[in-house]
Amino acid sequence: MTKTVDNEPVVRVRNISKRFGGNQAVDDVSFDVTKGEILGVIGPNGCGKSTLFNCLLGQYRPDNGSIELDGIDVSDWSPPRRAKHGLARTFQLLQIFETMSVRDNLKTAAQEHIGSAARRLFMRPDMGLDGEVDDLIERFRMAHLADELAGNLSYGQQKLLDTAMALVSKPAVAFLDEPAGGVNLTMLADVEQQIRDLNVHDGATMVIVEHNMEFIFALAHRIVVMAEGRVLMEGTPDEVRNDPRVVEVYLGGH
Amino acid sequence: MAESVNVPQSKAADGSDALDQPDFENRRDKIAIVDRGRLSPSLIALVSMLGAAVAVMPVGRAGFDGVIGLWFLSVLLLVGVNVAVPLDTRNGQMVRWISTATFVAFMMLFPIGKSGATMTDFGLFAIFGAVVVGMNLTQGFAGQVSLAPAAFLGIGSYTSVLLDMGEEVTVAGVTVDLPDLPFLATIPIAIVVCMLLSVLIGFPALRVRGPWLAFVTLAFSLLVFLVLNNEDGLTRGSRGIRVLRNDFEIFGIDMLPTHNFYYAGLFYLFFSLTVVWWIVRSPWGRALKAIRDNSGRASSLGVDVRNYTLLGFAVGSGLAGGAGALYARQVEYIEPRSYFVNQTIDFFLATVAGGLGTLAGPLIGGSLITLVADYLRFTGDWYRVWFGLFVMVMMVVAPEGLAGSFNRFRAWVQKRVDS
Ligand SMILES: Nc1ncnc2c1ncn2[C@@H]1O[C@H](COP(=O)(O)OP(=O)(O)O)[C@@H](O)[C@H]1O
Ligand SMILES: [Mg+2]
């Protein structure tokens, strides 16, 4: 595998903390995301990975800390504003538009990045996105499903669509929360292949939370290990694999 | 509260993973409304049929004649074809456009030989139809309940009438000379005033998700009524204003006689339908649909939920305002009572009964509250009771409204045909 990464940080996460009542879900988390890399985020269930994503993408307001995109502090921006400026995401549980076709799901995901709101009112309904969207559908091998209602797809296909929606707008960084969660073994290889492909060929930068160790170790250039809301360590897959602390978190605690 | 802009409410404090889901309560019901949000001339044909049925009802004023009988048959035929031919095929497209053209032709030719009283009813249908079209944009497409369409109708009426009288008014001790603008010029003014006001009240109400817009618009309606009723120097209070109909000519034709004025209302109805159709088929329509389907996901993809919803509300209110300008000339006398909340209830029932989130639904609903209501006039004020009961029963057996039910029926027939 070619893992080419240059060293310019696109996203800078600093001291993010979030408390729910007496539960410190995220505790002073900092890391950088470098352009062109796949950054894995792992950790036992309930260690705050999804909460961290919600803080970074604006669904939750963190108690403390900031996130910078290309040197601009976006901590006070609304989720749609962050999305429009290149921070895309998926949620841990499947989130697609079930009553819309696969094609429309992807167009929705792409359209807000084009033109101003006023111009969008007067643009053709397809907004010239047809080619781009169909390419992506083709790559995800869903061409025969393009006009199918998303709600009628199999779970694995829906999961793939969800991921595609985060990436169709070519975001600066895509945050994927368990893209392989619940996906069966046959589809799994497919998901892995698509993500690698998007990274290698399109230079997509991604932060991926994943439970499936094999999956994430194969994909990520770098991994952040979280435990009880804190960053336990950060390193290459090999470093992480061989770190005694990580072994303890996974075998000891839970 | 301050922190909940677009933030999913943490409902499951037990810490289950469902917390990570954005916004469950807000996911719209997944009622299988076929081709929701698309122009569906077959439905419009259905409306024409309804109109024709009303026109031939023996108790009515219009009376039966051969032309209407022929019309009735051809509409039946059209509806039949519409049910049978799949929408997405080329034939289906053709059927759609023929149906639309038929509807337009019907509405255009209908006044020939009709009495003034019938045309008053139909004029009212066209104007109220436009209000319901606007309300449906807010409620059916943007997914927010506004309880102020009657208030905006009133604001539109008073704005237009006051600017068309050239009289002196006194507000809060200040006396102002109002201009005497041509009637036509006051229509866009009424629209813009209503849009601005709706942005003003909608912006804070739509900051957080929930039924806040319904509450705020209800309060707004009461406030508008109070102002209209009590600002004597401006609105002449409960005495009302007799509306002068003296300056509405197009190409030298006096548009004010009942038959001609019907065309003004009809044009405005077509205008409203076109505006909503345009919005719904544009990328905005896709965004609105995405918001109804899963607003948390939409927001995370860059769809500004608040702005889109606000625009849907503002355009809907603006259409009600413009309708108010026409309504004032239709009824020739405006008073605060006409714009009270009970009028909104009529609009609301019409929107729901016709079918939320469809283009033809408002027409069906609009005809229910004007034309059918007129035939139920012998029941006195009881018609609201019957109508309310009808809507309640319908919400139980066919929650997608008449237009939605028709769509479902068509889907059912086509499934039979296919297999
Ligand atoms: N909205 C919320 N309200 C209360 N507690 C929450 C909420 N969201 C997450 N938590 C808690 O925060 C902790 C981290 O959860 P989460 O981020 O979902 O973990 P992970 O994604 O790593 O499995 C858990 O203890 C969870 O119970
Ligand atoms: Mg999680």
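Visitor: In what order do the four strands of the open sheet of chain A lie?

Guide: The model is a predicted one. In it, four strands of chain A form an open sheet with antiparallel pairing. Their order is 2-1-4-5.

Visitor: Which strands are the edge strands of chain A?

Guide: An edge strand here pairs on one side only. That condition holds for two strands of chain A, namely strand 2 and strand 5 (72-73).

Visitor: Over how many bridges do strand 1 and strand 2 of chain A pair?

Guide: Strand 1 covers residues 9-20 and strand 2 covers residues 23-34 of chain A. Within this pair, A:Val13 stands opposite A:Phe31, and A:Phe20 has A:Asn23 as its bridge partner. The two strands run in the antiparallel sense, and the number of bridges is eight.

Visitor: Which residue takes a positive phi in the hairpin of strand 1 and strand 2 of chain A?

Guide: The hairpin has two residues between the strands. The positive phi, near 55°, belongs to A:Gly21.

Visitor: At what angle does helix 1 of chain A run to strand 1 of chain A?

Guide: Helix 1 is formed by residues 49-57 of chain A. This helix lies across strand 1, strand 2 and strand 4 of chain A. Relative to strand 1 of chain A, the angle is about 115°.

Technical notes: Residues are numbered from 1 along each chain as its sequence is written. Chains are lettered from A and ligands numbered from 1 in the order in which they are written. This is a predicted model: local features need pLDDT of at least 70, side-chain atom pairs count only at pLDDT 80 or more; totals for chains, interfaces and linings use all residues. Side-chain values use heavy atoms; hydrogens and water are left out. Two strands pair if DSSP finds at least two bridges between them. Contact means heavy atoms within 4.5 Å. Axes are lines fitted to C-alpha atoms, for helices over the stretch in contact, and angles run from 0 to 180 degrees between N-to-C directions.
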